[in-house]
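Where do the sheets sit, and what packs against them?

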Amino acid sequence: MKKWLRTLTMTAAAVVALTACGAGEEEGTTDEAAPSEEPAENEATPEAEDFTVAMVTDVGGIDDKSFNQSAWEGLTAFGEEMGLEEGTGYRYLQSATMDDFEPNIRTLVREEANLVWGIGYLMEDAVKTIAEQVEDAQIAIVDTVVTDGDGNPYSNVANVTFKEHEGSFLVGVVAGLQTKGNKVGFVGGVESELIKKFESGFKAGVKAVNPDAEILTQYTESFNDATRGQQIANNMYGQGADIIYHAAGGAGNGVFQEAINRARNGEEVWVIGVDRDQHEEGVSGDVSVTLTSMVKRVDTAVYLVSERTMSGDFPGGEILEYGLEEDAVGIAPTTDNVPQEALDAVDEYKVQIQDGEISVPQTDEEYEEYLSSL
């Protein structure tokens, strides 16, 4: 196993089933540590060569240079390490539109894949429908918690969530310290509770180190419309923003393109990437516009849950939440364009968050409360 994954596997063994998106104990959460890796006596543990795992992408596809790509990298790493054949042991189905979510998941369930991944909160309704219809399915979904009418998680669905607001706070610290015009931007994809976590955490980080900074915010209402992303970035840079953080999936590629175009014309503008280290997306010839990225280890989560499932320990009904404590969110390893002062500040704030000295906001209301405490 790769060194980084082995390290995080040891850490994630202590991940608890936590509350997500406001869910409480009545929604099936627990304060106990993750279940033992030993399978129950009545559970059959599939041999590696018999295990099959598959994922359904959202409309961004596995080459979106962001969320879906990270998930596929994690599944590929798992498949290769376990000796599975691509296409039979592990595979993906591409979704061209949201209408493809349910039929794609249903296809993989009918093929009796041991684990089926739905990549993204937009698949919540599709996963819910199939979970109710096929009780022996084993489905995992990223970025949301699928619950029944009483607010309880389904026993055949594993819910994987992240503390995106914590990682976003740290890149906000970088942006707040590095902006020269005292104006930065945030470009979100589809406005939702999830993307609000990115926005709120980022704005809080900026304000923590630069209370006078102005923060522009706009949503593309798409995760794959790069043209719209570029239009919004053009408008923000035109208004004087010199750093933009995007949480827009494939639409964020347009933000990078606009920054590259402006950098070629002599402007000093930056982009903060998301989900994975997007340093290369901001490089064109001798131009580099990626300041840093907020990495979200979807690849690691996919690997770990797939590994647990293969061992007979499918975490159905659990809410798994990964954050700074598990090294599952944070600053990208590529820091070529980040000054040491900012990196030192990131380390300091990371400790404060982990120690509970800072409660990073996740919503507009919590952000306003945070501002009043500064």
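**Strands, helices and rings**

Strand β12 and strand β14 (residues 329-331) run antiparallel and are joined by 3 bridges. Strands here are DSSP runs of E, at least two residues long; helices are runs of H or I, at least four long; both are numbered from the N terminus. Two strands pair if DSSP finds at least two bridges between them. This is a predicted model: local features need pLDDT of at least 70, side-chain atom pairs count only at pLDDT 80 or more, and totals for chains, interfaces and linings use all residues. Residues are numbered from 1 along each chain as its sequence is written, and side-chain values use heavy atoms, leaving out hydrogens and water.

Stay with β12. Val-295 has Gly-330 as its bridge partner in β14. Strand β9 (residues 270-275) is joined to β12 by 5 bridges, and these two run parallel. Val-274 stands opposite Met-294 in β12. Because 7 of the 7 residues of β12 are buried, the strand is largely enclosed by the rest of the structure. Buried means under 20% relative accessible area, exposed over 50%, and partly exposed in between (1.4 Å probe, protein chains only). Thr-292 lies in this strand, residues 290-296. Thr-292 is buried at 2%. Its contacts (heavy atoms within 4.5 Å) include Val-171, Ile-272 and Ile-331, not counting residues up to four places away in sequence.

Now the open sheet. Its 6 strands follow the order β2-β1-β3-β4-β5-β13, with parallel pairing. β2 (90-93) and β13 (319-322) stand at the edges with a single partner strand each, so one side of each has no neighbour in the sheet. The twist averages 20° from one strand to the next. Helix α2 (residues 67-81) lies across β1 (53-56), β2, β3 (115-118) and β4, at about 160° to β2. Axes are lines fitted to C-alpha atoms, for helices over the stretch in contact; angles run from 0 to 180 degrees between N-to-C directions.

Next, the aromatics. The structure holds 12 aromatic pairs. Rings of Phe, Tyr and Trp (its six-membered ring) pair if their centres lie within 6.5 Å; planes under 30 degrees apart count as stacked, over 60 as edge-to-face and the rest as tilted. Trp-72 and Tyr-92 have ring centres 4.9 Å apart and planes at 70°, so this pair is edge-to-face. Trp-72 sits in helix α2 and Tyr-92 in strand β2, 20 residues apart. Trp-72 counts as buried at 11% relative accessibility, whereas Tyr-92 counts as partly exposed at 29%.
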